[in-house]
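Please look at the sequence and the structure first, and then read the points below.

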Amino acid sequence: MEKSNTLLVFIMVYLLHFREPYKRVKHYIGFAETPATFERRLEHHRKGTGAKLLRAVAKAGIQFDVAVVWEDGDRNFERKLKNRKHTSRFCPLCGIKKS
């Protein structure tokens, strides 16, 4: 039996929905390369030790939910979503279907 050198790659982009706005911000878009990385990033976000925005959200006592996970996403897709602005347009928790 021949061994395959093919690696399974898990890349995802995720959208976090804040339960109440932080200033005027209601969402955060992030990127993770593996399920374990995703779980670690969520833990850091909840503890306030992750991204700058999520540190501020945690400090303000605002909770968040994972609204959408795009499992076929990559850094380019993450950047496209961030550049679109108006994240509520594709947040199902805001009552609008994801794109």
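The structure is a predicted model. The protein chain contains 3 helices and 3 strands, and from the N terminus on these elements follow the order β-β-α-α-β-α. Of the 99 residues in the protein chain, 32% count as buried. Among contacts in the protein chain with a separation of 6 or more, 60% are between residues 24 or more positions apart.

**The strands**

- Strand 1 covers residues 12-22 and is mostly covered, with 8 of its 11 residues buried.
- Strand 1 pairs with strand 2 in the antiparallel sense, and 7 bridges are found between them.
- One of the bridge pairs consists of methionine 12 and its partner in strand 2, alanine 32.
- Strand 1 is also joined to strand 3, residues 64-70, by 6 bridges, and these two strands run antiparallel.
- Tyrosine 14 has valine 69 of strand 3 standing opposite.

**The hairpin between strand 1 and strand 2**

- The hairpin of strand 1 and strand 2 has 2 residues between the strands.
- Lysine 23 lies in the loop between these two strands.
- The phi angle of lysine 23 is near 55°, which is a positive value in a residue other than glycine.
- Is lysine 23 buried or exposed? Lysine 23 is exposed, because its relative accessible area is 70% and the exposed class begins over 50%.

**Helix 1 and leucine 42**

- Leucine 42 belongs to helix 1, which spans residues 35-47.
- Leucine 42 counts as buried because its relative accessibility is 5%, and buried means under 20%.
- Apart from neighbours within four places in sequence, leucine 42 is in contact with Leu16, Phe64 and Val66.
- Leucine 42 and aspartate 65 are 23 residues apart along the chain, and their C-alpha atoms are separated by 9.9 Å.

**The two ends of helix 3**

- At the start of helix 3, a side-chain oxygen of aspartate 74 comes to within 3.1 Å of the backbone nitrogen of asparagine 76.
- Just after helix 3, lysine 85 has a positive phi of about 65°. Lysine 85, too, is a residue other than glycine.
- Lysine 85 counts as exposed because its relative accessibility is 53%, and exposed means over 50%.

**The segment after helix 3**

- Threonine 87 is found in the segment after helix 3.
- Threonine 87 has a relative accessible area of 16% and is therefore buried, since the buried class lies under 20%.
- When residues up to four places away in sequence are not counted, threonine 87 touches Leu15, His27 and Ile29.
- Proline 92 also has its place in the segment after helix 3.
- Proline 92 is in contact with Ala67 and Val68, leaving aside neighbours within four places in sequence.
- The C-alpha atoms of proline 92 and leucine 15 are separated by 10.0 Å, although these residues are 77 residues apart along the chain.

**The largest pocket**

- The largest pocket holds about 180 Å³ of space.
- Which residues line the largest pocket? The lining consists of His27, Tyr28, Ile29, Arg79, Leu81, Lys82, Asn83, Lys85 and Thr87.
- Strand 2 (25-32) and helix 3 (75-84) are the elements that give two or more residues to this lining.
- Helix 3 provides the largest share of the lining, with 4 residues.
- By class, the lining has 3 nonpolar, 3 polar and 3 charged residues.
- Lysine 85 counts as exposed, whereas threonine 87 is buried.

Terms used
Residues are numbered from 1 along each chain as its sequence is written. This is a predicted model: local features need pLDDT of at least 70, side-chain atom pairs count only at pLDDT 80 or more; totals for chains, interfaces and linings use all residues. Side-chain values use heavy atoms; hydrogens and water are left out. On a 1 Å grid over the protein atoms alone, a cavity is a set of points where a 1.4 Å probe fits but cannot get out, and a pocket is an open set with protein on both sides within 12 Å along at least five of seven lines; lining residues have an atom within 4 Å of a point. Grid points are joined across faces, edges and corners, and a volume is the space filled by probe spheres set on the points. Ala, Val, Leu, Ile, Met, Phe, Trp, Tyr, Cys and Pro count as nonpolar, Asp, Glu, Lys and Arg as charged, and the others, Gly among them, as polar. Buried means under 20% relative accessible area, exposed over 50%, partly exposed in between (1.4 Å probe, protein chains only). Contact means heavy atoms within 4.5 Å. A polar contact is a pair of N or O atoms within 3.5 Å; within protein, one must be able to donate a hydrogen and the other to accept it, and residues adjacent in sequence count only if both atoms are side-chain atoms. Two strands pair if DSSP finds at least two bridges between them.
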